[in-house]
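Trainee: I have a model open and want to learn to read its features. Where do I start?
Mentor: Take one feature at a time. Here it is.

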Amino acid sequence: MWTRRSVFVISLFTTLALVAAACAGDDDEEAATEEFEPGALGAVEVAPGDPILIGAHQAISGDTASLGTDQVRGIELAIADRGELLGHEIELQVEDDECAAEGGTTGAQRLVAEPQLVAVVGTSCSGAAVPAAEILSDEGIAMISSSNTSPGLTSDLEGTEGENHQDNYLRTAHNDIVQGQAAANFAFEELGAQTAATIHDGDPYTQGLATAFEASFTELGGEVIVATAVNKGDTDMRPVLTEVAAANPDMVFFPIFQPEADFIVAQSNEFPELEDTNKLMGADGLLSDTFIVLPDTENMYFSGPATPTGGEYQEFVEKYNDEYGEAPIQAFHAHAYDAANMLFDTIDAVAVEEEDGTLQIDRQALLDELYATSGFEGLTGTLTCDEFGDCADPSIDVVQNGEPEATIEDVRGNVLYNFKPEE
Amino acid sequence: MTTIPAAVAPVPVTDAGGLLPARQVDLRRGVRLGLIGGTTAVFVSAIGMVEDFSGREVLDELSLGTALLLAIPLVFGYMAGRPPAQLEGFAPTRPGWRSPVAGLMAGLLTGAVVAAFVALIINVNLREYFINITPALAEDEDGPRLLLYGRSLGPGLGLMLGLNAALAAAGAALHLLATRLRRAILAGVAWVTAFALLQPFVQQVLRGIRDELQIETGPLSRFLYRGDSLRIAAAVAVALAAVGLYLWTRRPGRIPLRTQVGRLPDRPRRLALGAGLLVALLVVGILPSVLGSFLSEVLGVAGIFVLMALGLNIVVGYAGLLDLGYVAFFAVGAYITAILTSPTGGLEAGWTFWAAVPFVLLAAAAAGLLVGTPVLRMRGDYLAIVTLGFGEIARILFLSDWLAPTFGGAQGIKRIPDIVIGPFEIRGPQAFLYPLLVLILLAAYVSYALQNSRIGRAWMAMREDESVAEAVGVNIVAAKLSAFIVGAILAGLGGALFATKIGSIFPNSFDIIVSITVLVVVIAGGMASVPGVILGAVVLVGLPELLREFEDYRFLIYGTLLIFMMLRRPEGFIPSRRRAQELHEADIEQDAWVRARAEGGADGAVGSTASGG
Amino acid sequence: MKTGGPGMGRRAVQLPIIDGFLWLVRIGAIVVVVWGATQSLSSGRLSAEQWRNLVVVGITQGSVYALIALGYTMVYGVLRFINFAHGEVFMIGAMTGFFVTDALAETALWRDYVWAALAIALVCCMATSSIVAVLLERVAYRRLRGLPRLIPFITAIGASFFLQYAIAGLFGTQVNAYPNVEPLDGTLTPLGLFSIQRVHLLVIVAGLVMMAGLHLYIEKTKAGKAIRAVAEDQEIARLMGINVDRTIARVFAIGGALAGAAGLLFGLVFENVFFRTGFLPGIKAFTAAVLGGIGNIGGAVVGGLTLGSVESLGPSLVLAGYDIPAANQLKDVVAFSVLVLVLIFRPTGLLGERLGEERT
């Protein structure tokens, strides 16, 4: 008993001494630096004992609440794992992007009203990101989204800047173009489809994805013979399905949401041309347990960001489960976790500690360093940012709802095809 | 209190020496209100409001959820204790024991209903269907047990019943006080509520004053609030100040400021008015910086709704044409601005805002004409559904793949530039308030000018009775079309401002819900009343942004408010005098009689507003 | 309200430009429709069977609209008031249907006597919706009788939002899936002419039965006579010894019960309900009622069927002829345009207004 305690005490003192030495070493380095001069965008000054303030700008209400809530949890877990950053606590201010331009604006204004705000992880939706990035850019505040996928926010991946790219904007989510390629490659090469139909629902996300699919599929040599749309709130999809069935495509890609997709699968089995569910493909918006239990979704395909594998992710999921009492509810929690960690690492690298313990975080330096991120090891892969802020290590899975009674985890695990763009 | 003539009880025929005996506080009404109050408390608990609100402390350690539960018996007790309005031929009601007793009964019944609910949810698991009846309400041993105020079952139920009864009786007992004192106390309660709920607003304004005017407001801020919640001492201070202010401004024999200024000789009066204007300008000048970017943003959003509501007020309030698709004009304004100014929109025009404005006006007027012409011969109900249809048609066309090459379809139009006035670029929410204010003043001026013009009188005649108006020579066609066009132009300008403010527009911003919201603003604010409409927009659109706890319940509250306003106060928060007269002719006659008896102090919103001014 | 033929003639003289414009609209609409339809029919994009299916689909959807529209039209016929919240009464019926069928789906009754289980669900749906409609009338509308029409109409809009979000708050916003009803799976081919889903046939038959029943009720029973009398003139009806309040409550009860039945049928066809299920169909049914001539029971049926067919056929028939991409996205544009055009041609709808008068 005694010995064990003394071992403990000794090791504790050793650890403390080592930490003290490390800190002292740091102090020496700091002392060597010149007086801190803020750059062109200014700097955030964090007094000793004050927290480092980070914003989360996510869709946390309405129909898309689960998308944003999932990511807020990812950020919260990243903060909990980090503990303290440079001796300061990390405080999170959560704002709602309402998955719309209006919410993007209001939430961003709320965030920029805090002069101590260092950076923002968000938004959830691309439509909210457009105005939010502009407002945050005016203040020189870095913004890392973990679920925006619109190419307009970064680039077309071939060197052309997107129309809404801002120089403060980065993301850890994949670009739509990548998912479009993945779905198209799978359809064309794995399934041997020559013709396809796309259906979107007027949502910018689904329409963008349908367009990206069409571009890639055409490039591969296939033909999209029907590109059509339904409206949110529609229940009777038969007229649209008649249009699709009349063209008799080899496959139908409908990256839309519930409940409209429920009606599509339920009613498509009335059409001999579409009866075969092997022809149907959805996207990540439909990978939910309420959708895959529908009898007509058996054998359907889904494209979506690959579920990370590996022990670290399993640990993360366990923590998520312990903390929130349920398994991750959407696809982008790990991207959010990575975005937050990437941000913390960068703050760690660029922050300057003054003699009195005040932390200076230069906004320009933070942005430069974020854009220079290379080989960051996250849950979703190895992240490297390009010049337009696309940082993801994109990996898209195509999964199949293979057997009756499959759970959502089973479906996610039933990977038929994985796509990673060539470097 | 009865406001609707149809519901006035039949007058007894017995005569008692000139006047009938005074009508008494009806104890059965106390019972009924108690049951309704209890149902209300159960309802707000079952939809999750109480639990959602329990996270925010408003007064010391009192959470908003608990405050809501406590407010219910208070309000229903007050209603139960209210003596009936004086009617022609009856002696005035004297305050007496019946008021607090009615309140007590209401409170006990409210408590009893809640107790029954607690018993139910403890014994039966309803969660499978009623997802918001969570253990936090009463079951969870370690939880907050919100309905029991954190106590265990027995003491909690006792406390709950006692509090309900006491608060309801107290609310009812207010009627024993003199009218002036009672109203002063109500004003105090209102002010404390406002300070507690609007904490972010008050603190931001104090911070803004400190930063911009170099007046140290920190101590005041710390005196008022601890964290998010109002301190008890501060609440008492605010209440006393409000009561004092009320009594002082309404002291007997005081002459209203306006009358005082009016009585001044010419020169000093002009000076006084000039000084007033100067102060107003100064306030407007520093207001945006005091408010800071976020409150300015909220005000900007509310301001756009003010603009739209002023426009819809002309269509619905003045001309009586129920337009449920008003958002169509807003969308036209926004989209025309967007395609003409955005360098990447369908036309890649890249014009300045000012170059686009004439086209916005033209397009909006054309849209007004387009909607107005086919509906010329349709009556109110047909009009509603057809205009609703036009609203949907506009949204779907802007969304459609068909017109996407021009209007961007689902991806909307982005990169809409800011307004540039001479050397100034209107960037950010604070600067945006100025062009917005100018347009609102313009719209308000137009509204007033039209109200008293020939066409304004034609609209109102048409609103009363179309056939009669036509028979007396009103040109119905011109009146209807001009109402649609003026309304469309104001909404179009609102849309143009919205587009530049937000910088990117998407079709889902032009949902039917916008039309309904604007309608609610007009109705609740006061149809045909310009100040009412402005207040309505600020309260109904601005406040929910500040009170984020209410955000999830916004449409529930809108719905309730619409029903309540129509039943109790169809003329709105700040009624137009003429409109109130139309709706309450019978009450006005009543009032005239009561006033003629020189009794004064006829209680109740309708009586006082209809006769006020 | 009583602007009849002579008024129109006088106005026509007064307004040559407007009338000219409206005539242009009418002619233009006919040309657009005829040209588009010829183009798409001659293109052969859809087979004859597919066209037939679209018609069946339209009629099914139309039957649901018609059932909801009956509630709008009855209330309008009696009170001259549009109960905007009627779509929510329908939604509450559909939600009740979900709770009942979901609870029964695990029982032996569902396995062995599914029709009995459905009958139970039907009774529950009709009762719940009926009660909600009557309560609505009692609490929100009764005191507003006789006030300017705008006031009760706005109250009804408020009630619509209140009911929607109250349901969302109480039961959540998730989409609820109806259990599968085996005897309703599969298709039938009556007389070998066309194939129809069993469940669609059920909707059409149930719809027809209820509409016929309502017609008989209004025409042949004493209570129906009272309703017609109140629709004619409330004051005189009162003098004749008819309890006006009770008669009006009865109108709401019947309209609510029909909406409840429509809710269950909707659930059986589309297998999904949630708190917003009532909003769009409610607006569509309101449109259908106006289209057919509001206040007219036959008009509600005609309007519902017309609207359903227009929605399902219109985009493929007319718009596809112009090679408009994603034509079905525009089906509501087609539906509302038809409404506007019909009202330009016939300002009181296809069959005109009135509940009792003309048929007696």
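This is a predicted model: local features need pLDDT of at least 70, side-chain atom pairs count only at pLDDT 80 or more; totals for chains, interfaces and linings use all residues.

Trainee: Now chains C and A. How many residues does each give to their contact?
Mentor: Chain C gives 23 residues and chain A gives 22 residues. On the chain C side, α3 (48–79), α13 (297–317) and α14 (331–345) each supply at least two residues. The largest share, five residues, is from α3(C). By class, this side of chain C has 10 nonpolar, nine polar and four charged residues.

Trainee: Next, helix packing. At what angle do α6 and α11 of chain C pack?
Mentor: Helix α6 (residues 114–141) and helix α11 (residues 244–270) of chain C pack at about 140°, and their axes are 7 Å apart. Angles over 145 degrees would count as roughly antiparallel. The pair α6(C) and α11(C) is therefore oblique. Their crossing is right-handed.

Trainee: Which residues make the contact of α6(C) with α11(C)?
Mentor: From α6(C), they include Ala121(C), Cys125(C), Ser129(C) and Glu137(C). From α11(C), they include Phe252(C), Gly256(C), Gly260(C) and Leu264(C). The residues of this contact divide into 15 nonpolar, seven polar and one charged.

Trainee: And sheets? What holds the strands together?
Mentor: Strands pair through backbone hydrogen bonds, either parallel or antiparallel. In chain A, seven strands form an open sheet, in the order β8-β7-β9-β10-β11-β16-β17, with mixed pairing.

Trainee: Which strands stand at the edges?
Mentor: β8 (223–229) and β17 (415–419) of chain A do. Each has a single partner strand, so one side of each lacks a neighbour in the sheet. From one strand to the next, the twist averages 20°.

Trainee: How do β9 and β10 of chain A run?
Mentor: Parallel, with two bridges joining β9 (residues 251–253) to β10 (residues 280–282) of chain A. Phe253(A) stands opposite Met281(A) in β10(A).

Trainee: Which strands of the sheet does helix α6 of chain A touch?
Mentor: Helix α6 (residues 204–220) of chain A touches β7 (195–200), β8 and β9 of chain A. Its direction makes about 165° with that of β7(A). Helix α7 (residues 238–247) of chain A also packs on the sheet, touching β7, β8 and β9 of chain A.

Definitions and conventions. Residues are numbered from 1 along each chain as its sequence is written. Chains are lettered from A and ligands numbered from 1 in the order in which they are written. Two strands pair if DSSP finds at least two bridges between them. Helices (H or I, at least four residues) and strands (E, at least two) are DSSP runs, numbered from the N terminus. Axes are lines fitted to C-alpha atoms, for helices over the stretch in contact, and angles run from 0 to 180 degrees between N-to-C directions. Two residues are in contact if their C-beta atoms, placed from the backbone, lie within 7 Å. Ala, Val, Leu, Ile, Met, Phe, Trp, Tyr, Cys and Pro count as nonpolar, Asp, Glu, Lys and Arg as charged, and the others, Gly among them, as polar. Angles under 35 degrees count as roughly parallel, over 145 as roughly antiparallel, 65 to 115 as roughly perpendicular and the rest as oblique. A crossing is left-handed if the near helix is turned anticlockwise from the far one by less than a right angle, and right-handed if clockwise.
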